[in-house]
Amino acid sequence: MERISVFSKKKQIGQMDSLGFIMGIVGLCAAGVALWSVRRLHQEVLRLKREQYSLEQKVGALPGKIESAVEPLRIQTALLARGERVSDTLIRNGQLYHEVSGADAAQWLMHPSLSSNVFVLDVRTNAEYAKQRIPGAKLIPVEDLEMRYQTEVPTESEKILVYCAGGDRSRLACDFLSRQNYPDVYFLKNGLQGWTGPMEGDSSGSLIQILSKSRVSSPSVG
């Protein structure tokens with residue numbers, strides 16, 4: 001009887017240990033699930049915060065976008081009220097100036113009847129202008145435009161074609177001139193990189209060769 005009792009106690013202890021082990025495994029699994037749920041919840045909160053921040057940024061930028069969209073119309077309305085000439089295309093498109101490809105602009109300058117009404121403005125540097133330019137272009141670097149446009153950019157031109165090397169400086173110049181009551185300003189897309197017409201200037205750059213004294217041949221003595 002005692003042996004049976006001892007065996008029963010050992011069996012009960014073994015069952016309790018197994019139950020405790022199982023309960024421990026279940027507890028670990030539950031803790032893992034809880035940790036995963038907390039992590040997912042944290043990620044969701046972060047996502048919502050990012051979306052809220054993005055939405056706030058968009059809402060904050062909305063007044064500026066509306067102002068940018070309305071500004072060309074305000075400027076053009078003011079010009080019309082003063083009896084100035086305004087392009088209906090610009091009004092419909094909500095733009096301050098036109099954009100033209102290099103091929104189309106080259107076509108203008110190839111026809112004498114059209115080229116006489118086109119004022120070509122180069123807003124690059126003196127060095128860039130000397131190296132390569134559109135024939136007949138007037139050089140006014142973009143940083144000097146505000147001081148010189150009134151005396152050097154004619155208001156009676158039918159078209160004012162503005163270009164630079166790639167387009168960044170000429171966009172600034174077009175925006176500026178359009179705000180100074182020039183009605184038909186044309187931005188050359190991609191600048192000289194998109195130009196397909198003829199060019200003039202020293203495209204190879206100047207090359208100065210200096211001969212050392214050792215290479216100068218002395219006159220022979222007869």
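Tutor: Happy to. The protein chain has 7 helices and 5 strands; helices (H or I, at least four residues) and strands (E, at least two) are DSSP runs, numbered from the N terminus. This is a predicted model, in which local features need pLDDT of at least 70 and side-chain atom pairs count only at pLDDT 80 or more, while totals for chains, interfaces and linings use all residues. Residues are numbered from 1 along each chain as its sequence is written, and side-chain values use heavy atoms, with hydrogens and water left out.

Read from the N terminus, the elements follow the order α-α-β-α-α-β-α-β-α-β-α-β. Of the 222 residues in the protein chain, 26% count as buried; buried means under 20% relative accessible area, exposed over 50%, and partly exposed in between (1.4 Å probe, protein chains only). Take contacts (heavy atoms within 4.5 Å) between residues at least 6 apart in sequence: 65% of these join residues at least 24 apart.

Now to the sheet itself. Its 5 strands form an open sheet in the order β1-β5-β4-β2-β3, with parallel pairing; two strands pair if DSSP finds at least two bridges between them. β1 (98-100) and β3 (138-139) are the edge strands, each with a single partner, so one side of each has no neighbour in the sheet.

Let's follow β5 (residues 185-188), which pairs with β1 in the parallel sense over 3 bridges. In that pairing, valine 100 stands opposite leucine 188. β4 also runs parallel to β5, joined to it by 3 bridges, and here leucine 161 has tyrosine 186 as its bridge partner in β5. Both faces of β5 are covered: Val185 and Phe187 are buried on one side, and Tyr186 and Leu188 are buried on the other.

Helix α3 (residues 102-110) lies across β1, β2 (118-122), β4 (159-163) and β5, and runs at about 90° to β1. For that angle, axes are lines fitted to C-alpha atoms, for helices over the stretch in contact, and angles run from 0 to 180 degrees between N-to-C directions.

Some side-chain details complete the view. The charged end of lysine 159 sits over the ring of tryptophan 108, at 5.1 Å from its centre; the rule is that NZ of Lys or CZ of Arg is within 6 Å of the ring centre and within 35 degrees of the ring normal. Elsewhere, arginine 133 lies over the face of tyrosine 129, 4.8 Å from the ring centre. Lysine 159 is also 9.7 Å from serine 116, C-alpha to C-alpha, although the two are 43 residues apart in sequence. Serine 116 belongs to the loop between α4 (112-115) and β2, and its 57% relative accessibility makes it exposed.

Rings of Phe, Tyr and Trp (its six-membered ring) pair if their centres lie within 6.5 Å; planes under 30 degrees apart count as stacked, over 60 as edge-to-face and the rest as tilted. Tyrosine 149 and phenylalanine 176 have ring centres 5.1 Å apart and planes at 90°, so this pair is edge-to-face. Tyrosine 149 is in helix α6 (residues 145-152) and phenylalanine 176 in helix α7 (residues 168-179), so the pair links distant parts of the chain, 27 residues apart. Tyrosine 149 also makes an edge-to-face pair with tyrosine 182, at 6.3 Å centre to centre and 70° between the planes. Since tyrosine 182 lies in the loop between α7 and β5, this pair ties α6 to a part 33 residues away in sequence. Tyrosine 149 is buried at 10% relative accessibility, and tyrosine 182 is buried at 3%.

Finally, the cysteines. A disulfide is a covalent bond between the sulfur atoms of two cysteines. Counting pairs of cysteine sulfur atoms within 2.5 Å, the total is 0 disulfides. For cysteine 164, the nearest cysteine sulfur is that of cysteine 174, 8.9 Å away, which is too far for a bond. Cysteine 164 is buried at 1% relative accessibility, and cysteine 174 is buried at 0%.
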